[in-house]
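The structure is shown first, and the comments follow.

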Amino acid sequence: MFHSREVWKIVIIYAVFGSLWIVLSDQIFHHAFAETSVVVQLSIFKGMLFIGATSILLFLLIARQRSKTEKYIARLHATEERFQFLVENSSDCLLIINEEGHQKYVSHGAELMFGFKRAELEGKNIGDVVHPEDLPPLMNSWKSLLSGEIQTATIQYRHLHKNGNWVDCEAVARNFLEDPTIGGVIASVRDISYRKRSEQKLRQRNQFISTVLDNLPIGLAVNYIDEGTATYMNTKFEEIYGWPKEELQDMEDFFNKVYPNEHSRRSIKQRVVEDIRSGDPQRMQWTDLQITTCTGQNKIIEAKNIPLYEQGLMISTVQDVTETRRMQNQLEQAHKLESIGRLAGGVAHDLNNLLTPILGYSDILRDGAVKGEEVHKAAREISRAGGRARDLVRQLLAFSRKQVMEFKTVDINEIIESFGTLLRRTIPEDIDIRTCLDDDQLLVNGDAGQIEQALMNLAVNAADAMAKGGSLTIETAKIELDQAAESNRQGVLPGTYVMLAVSDTGCGMDEDTTKNIFEPFFSTKGEQGTGLGLATVYGIVKQHGGNILVYSEVDRGTTFKIYLPVSTETMVARAAAPETLDLEGSETILIAEDDLQVRQLACSVLARRGYTVLEAENGRAALNAADRHRGPIHLLLTDVVMPGINGRELYEKLTTTHPQVKVLFMSGYTENVVAHRGVLDEDVEFIQKPFNNYSLARKVKEVLCK
């Protein structure tokens with residue numbers, strides 16, 4: 001092969017010789033073919049000239065082609081050198097391995113990666129530097145590669161380092177055995193030790209997290225919000241629900257399994273979906289949900305959802321509170337039994353004190369050994385003891401929230417102002433009474449008498465705490481309680497309330513005393529206290545749909561705050577009852593009462609007032625008595641609760657034959673249709689047992705006169 005300079009030398013020589021040849025040929029042809037015609041001579045000359053020019057042109061073309069070839073070869077050498085540089089300076093290692101597994105070529109990267117010199121690795125069989133445990137899978141891939149089953153193989157193995165350690169490697173191999181320029185398998189090897197260590201650390205961290213999550217005392221699940229499927233559940237979650245994880249991953253299957261009752265399932269599912277859509281964290285907490293396990297066991301759980309909207313995930317936590325609720329119920333039952341025991345003991349003590357004078361003076365009257373003034377004295381003491389017994393029963397009914405009350409719209413400020421005079425007479429003079437009333441009307445739906453009773457009990461309790469005098473403050477206000485209100489955590493729901501506060505500067509109470517202050521017959525006054533005052537207040541407040549909170553510190557006084565729901569109705573003025581009323585009458589009254597003594601007393605009282613009395617021991621007997629009576633019946637005086645037909649049913653049946661009859665209900669307490677939850681229905685007349693002769697006659701007259 002010629003270089004470009006040599007080619008141009010040849011071209012010049014050919015050009016010189018060509019020119020000489022033309023000149024010489026002219027002389028030669030002239031002498032040789034002198035006798036030949038001019039035309040022939042000219043043709044021969046032109047031919048020789050053409051041959052010379054063609055030779056020169058041919059040599060020029062050859063010279064040009066050789067120049068291009070040299071440039072191409074130069075570029076090829078440059079490319080080869082560049083790729084050689086890249087291969088030799090790459091952090092990866094490049095190997096060429098022949099069919100027998102010997103390394104024909106090893107790049108410089110092998111020295112950096114494995115510590116061996118290239119000469120030490122070239123010619124060595126690949127099986128000599130591979131970890132024995134990794135050799136079988138590597139040989140399988142090698143065989144598949146050589147057989148043509150696969151064109152490329154990616155293999156992870158451990159390669160021997162010169163220091164005796166093993167290097168984690170990943171090789172990508174491709175078969176070039178048929179290529180004569182390579183004649184082997186090319187493998188690109190990369191050190192993945194760092195990646196392996198990172199993966200190991202990641203596995204260890206994941207294992208640690210999984211161990212922690214599986215040992216949490218609460219169930220945990222992670223769900224895809226849009227897909228409604230679970231991507232993770234810990235062991236406790238599976239344990240609580242009692243179903244295999246695989247059967248709970250789809251939310252539809254989840255609801256079908258843990259809520260087998262269709263009505264409950266539909267209701268809970270709708271509630272959960274709406275709460276999640278609201279985005280309100282407070283709504284995504286559910287308490288006392290009842291679920292069913294695969295064995296049919298019922299559990300009570302508390303659940304909470306934490307949305308991660310950016311990731312499209314929902315973290316769900318669940319806690320099994322079945323045993324907790326059972327223990328709470330047992331504790332509540334124990335407290336109830338303790339309260340009942342204290343209540344029974346207190347009632348027995350007070351009733352014994354009341355029955356003693358009643359029975360004693362009754363014996364005196366029955367013996368007939370007294371006359372005149374002593375008879376009146378005995379009757380007064382019996383009546384006095386009976387009145388105290390009646391008050392005790394009313395306190396018990398208020399505490400148990402079963403006392404019948406006549407609700408109407410009342411103004412708390414008016415009640416306090418009208419009650420001020422009586423309160424001043426009751427509270428010792430060394431106690432300063434202050435009122436701080438809201439300027440606006442504070443309307444509530446309640447029984448004014450019972451509110452006065454609650455206020456009196458709180459005032460007397462405050463006075464007892466200020467033995468050496470002090471200050472009693474009564475405040476009212478209309479307030480709005482929201483979710484953040486401190487009282488909300490104590491059972492007062494958000495809303496608008498009328499607040500009635502009674503504060504004193506007395507001795508105060510410690511925390512243990514405060515916890516039991518509303519228990520029946522719990523008293524800090526020893527034998528002087530009945531233990532029903534604050535329990536009665538609590539019952540009255542609860543019967544009004546309100547709440548009462550107490551704040552107290554030793555030697556710093558006490559504040560009771562009553563929260564009553566505000567009324568949106570307006571006050572209706574009622575006509576005052578006449579001061580004097582003629583209690584005599586001539587109307588016919590049907591009395592239905594299953595208690596013999598109460599029935600006989602009512603009949604006697606009304607008969608003495610001039611009324612015609614029809615007596616019946618139950619509802620059926622009353623209807624029979626009405627059928628036998630030929631005249632009109634003006635009033636039905638009936639007990640609310642009787643065997644067979646109750647008072648309301650009796651009145652409804654009686655109006656079919658006596659449409660003009662009026663009715664007066666009587667009862668100790670009731671939770672039926674007449675006074676549901678102790679609240680008297682509108683336009684229903686009622687008299688509370690026990691009643692005296694005068695109150696019965698007066699109430700009967702008021703009903704008949706309407």
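1. Which residues form a nonpolar patch on the surface? Phe208, Ile209 and Val212 do so, with about 280 Å² of accessible area together. A patch here is made of residues with over 30% relative accessible area and no salt bridge, with like charges joined within 9 Å and nonpolar side chains (Val, Leu, Ile, Met, Phe, Trp, Tyr) joined within 5 Å. Accessible areas come from the Shrake-Rupley method with a 1.4 Å probe, and for residues only the protein chains shown count as cover. Valine 212 is found in helix H6, residues 193-214, and is partly exposed at a relative accessible area of 38%, where buried means under 20%, exposed over 50% and partly exposed in between (1.4 Å probe, protein chains only).

2. On the basis of the note: this is a predicted model, in which local features need pLDDT of at least 70 and side-chain atom pairs count only at pLDDT 80 or more, while totals for chains, interfaces and linings use all residues. Residues are numbered from 1 along each chain as its sequence is written, and side-chain values use heavy atoms, with hydrogens and water left out.

3. For the chain as a whole, there are 19 helices and 22 strands, taken as DSSP runs numbered from the N terminus (helices H or I, at least four residues; strands E, at least two). Of the 706 residues, 36% are buried, and the chain exposes about 41,900 Å², of which carbon and sulfur atoms supply 53%. Among contacts (heavy atoms within 4.5 Å) with a separation of 6 or more, 58% are between residues 24 or more positions apart.

4. An open sheet of five strands, with parallel pairing, has the order S19-S18-S20-S21-S22, two strands being paired if DSSP finds at least two bridges between them. Strand S19 (612-616) and strand S22 (686-688) stand at the edges with a single partner strand each, so one side of each has no neighbour in the sheet. Neighbouring strands of this sheet are turned by 20° against each other on average, direction ignored. Strands S18 (residues 588-592) and S20 (residues 635-639) pair in the parallel sense over four bridges, and isoleucine 591 has leucine 637 in S20 as its bridge partner.

5. Helix H16 (residues 596-608) lies across S18, S19 and S20 and runs at about 170° to S19, whereas helix H19 (residues 693-705) lies across S18, S20, strand S21 (662-667) and S22, at about 150° to S21. The axes behind such angles are lines fitted to C-alpha atoms, for helices over the stretch in contact, and the angles run from 0 to 180 degrees between N-to-C directions.

6. Threonine 588 has its place in strand S18 and is buried, with a relative accessible area of 8%. Leaving aside residues up to four places away in sequence, threonine 588 touches Thr612, Leu614, His629, Pro632, Ile633, His634 and Leu635.

7. A second open sheet has five strands in the order S7-S6-S10-S9-S8, and the pairing is antiparallel. Its edges are strand S7 (229-233) and strand S8 (285-292), each with a single partner strand, and neighbouring strands are turned by 35° against each other on average, direction ignored. S9 and strand S10 (residues 313-320) pair in the antiparallel sense over eight bridges, with isoleucine 306 having isoleucine 315 in S10 as its bridge partner. Helix H9 (residues 262-278) lies across S8, S9 and S10, running at about 150° to S8.

8. The count of salt bridges comes to 22, each being a side-chain nitrogen of Lys or Arg within 4 Å of a carboxyl oxygen of Asp or Glu. The side chains of glutamate 302 and arginine 325 meet in one of them (2.6 Å, N to O), which links strand S9 (residues 298-308) to helix H10 (residues 322-367) across 23 residues. Glutamate 302 is partly exposed at 27% relative accessibility, while arginine 325 is buried at 17%.

9. Another salt bridge joins arginine 326 and glutamate 323, with the closest N and O atoms 2.2 Å apart. Both residues lie in helix H10, three residues apart, about one turn of the helix. Arginine 326 is partly exposed, with a relative accessible area of 38%, and glutamate 323 is likewise partly exposed, with 42%.
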